Number of protein chains: 2
Amino acid sequence: MPSPRRWWVELESKLNGGIMVIQATVEKFLDELASGHPTPGGGSAAAIMGAMGAALVSMVCNVTIGKKGYEAVEGEMRAVLEESEKVRRRLSAMVAEDIAAFDSILAAYKLPKATDDDKSRRAEAIQAGLRRATETPLDCARVCAEVIALSRRASEHGYLNVISDGGVGVLAGFTGLRSAALNVYINAPALKDRAFAERAAAEVGKLVAYGAAESEAVYKIVRDKLG
Amino acid sequence: MPSPRRWWVELESKLNGGIMVIQATVEKFLDELASGHPTPGGGSAAAIMGAMGAALVSMVCNVTIGKKGYEAVEGEMRAVLEESEKVRRRLSAMVAEDIAAFDSILAAYKLPKATDDDKSRRAEAIQAGLRRATETPLDCARVCAEVIALSRRASEHGYLNVISDGGVGVLAGFTGLRSAALNVYINAPALKDRAFAERAAAEVGKLVAYGAAESEAVYKIVRDKLG
């Protein structure tokens with residue numbers, strides 16, 4: 001088992017908060033992701049993939065609303081759109097949360113460790129940071145599960161000619177979920193609060209199992225409609 | 001089987017070429033993805049997910065290069081990095097290609113259809129556009145398969161504490177591949193050149209099968225290292 005990203009302390013955090021990430025260009029975001037700097041990393045990528053999934057669900061709804069022949073599902077599409085846009089905003093905000101969680105561990109490792117009191121305060125701060133770096137991807141996984149559920153409604157009722165976009169949406173949502181789960185798995189083992197760590201790992205395991213089954217079912221709906 | 005995105009003609013293309021997309025902010029890209037406009041759509045999302053996968057492979061390499069205890073794999077990490085950065089640039093460029101392919105069909109549908117000659121020229125232009133809109137995601141799928149192959153090398157040899165980022169990389173690469181495949185499946189059926197359409201569908205089917213098996217194998221390597 002690797003130590004909880006202790007390499008963070010070897011590196012300077014280059015970004016001043018994750019809000020900058022979604023306000024950077026896509027090109028710049030990819031450059032930052034590729035760099036040897038700790039953030040943005042897989043956690044930010046997970047949240048953005050989830051947000052892309054939510055955005056594609058919204059696209060299917062937006063195209064379907066007002067389309068001739070789809071009057072009967074317009075109410076449902078409006079309801080899905082309201083949810084998918086809410087979920088998209090939450091996932092976009094999670095990029096910043098992911099980076100803030102990383103930064104809090106980074107800051108904790110930099111605390112003084114001269115006295116026993118120092119050491120104990122530092123250890124507590126590290127644990128608090130790790131807890132945050134476990135809760136954030138767990139929350140990301142929960143919201144990605146909502147993307148998958150919404151993608152079923154969009155793919156079942158949405159305009160046929162954008163159905164492949166609904167299919168990409170469910171795949172992106174599930175990959176966001178699974179990627180967030182990896183971030184729970186890497187951080188949870190170092191948590192001293194074993195009860196919390198095990199609850200988190202168990203919950204994310206259930207979310208992954210739900211996501212795997214449900215995303216394949218939605219993918220099948222889409223694939224069958226493509227003929 | 002849905003008609004080949006005939007709804008394009010109902011909408012005005014809002015973006016002047018896909019290069020703008022990767023130079024837009026992540027936030028703006030997500031807004032455009034969510035909108036009822038045809039581009040960017042699932043094809044652009046596929047290319048960007050593939051590029052995120054390549055970027056995360058690069059991150060693993062960049063962090064590993066120069067790390068104490070990893071001297072023996074430094075040459076391999078440099079070789080993987082050179083490839084993953086090449087692949088990332090190709091996938092970033094594919095966002096523009098995807099949008100250009102869409103636009104060429106859009107333009108074809110707007111051609112005059114008063115005379116028989118007009119009609120035949122228009123039909124040819126539509127077929128040329130459809131071919132392009134099949135070749136572009138097929139090429140995207142091929143390059144995403146390279147991301148998966150590179151992610152194995154990064155995950156086998158990369159620094160242990162960034163291994164979850166390698167795991168997110170392989171998931172993103174495979175989702176890019178599968179998403180690109182959906183774009184082949186939606187466009188290929190309307191192609192009059194059946195031999196080409198069937199070759200494209202068969203090749204993308206093989207790429208999906210390879211990607212499914214290989215990405216699960218790499219995911220397992222990562223998961224086992226996380227303990």
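1. Which helix of chain A has the lowest mean pLDDT, and which the highest? Helix α1 (residues 19-23) of chain A has the lowest, 77. Helix α3 (residues 42-64) of chain A has the highest, 98. pLDDT is the predictor's confidence in each residue, from 0 to 100. Helices are DSSP runs (H or I, at least four residues), numbered from the N terminus.

2. Ground rules. This is a predicted model, in which local features need pLDDT of at least 70 and side-chain atom pairs count only at pLDDT 80 or more, while totals for chains, interfaces and linings use all residues. Residues are numbered from 1 along each chain as its sequence is written, chains are lettered from A in the order in which they are written, and side-chain values use heavy atoms, without hydrogens and water.

3. Confidence. Chain A averages a pLDDT of 91, and 92% of the residues score at least 70. Treat residues 1-18 of chain A separately: there the pLDDT is below 50. That stretch still has 57 contacts in the model beyond near neighbours in sequence; contact means heavy atoms within 4.5 Å. For the complex, the predictor gives an ipTM of 0.91 and a pTM of 0.91.

4. Interface. Chain A puts 64 residues in contact with 64 residues of chain B. About 5500 Å² is buried between the chains, 64% of it on carbon and sulfur atoms. This is accessible area (1.4 Å probe) lost on being put together, summed over both parts. In chain A, N161(A), R178(A) and L182(A) lose the most area to chain B, together 12% of what that side buries.

5. Salt bridges. Four cross the interface of chain A and chain B. The rule is a side-chain nitrogen of Lys or Arg within 4 Å of a carboxyl oxygen of Asp or Glu. R178(B) forms a salt bridge with E216(A), with the closest N and O atoms 2.9 Å apart.

6. V80(B). This residue is found in helix α4 (residues 74-109) of chain B. Not counting residues up to four places away in sequence, V80(B) touches V57(B), C61(B), L150(B) and R153(B).

Key. Helix = DSSP H or I, 4+ residues; strand = E, 2+ residues; numbered from the N terminus. Buried area = accessible area lost by both parts, 1.4 Å probe.
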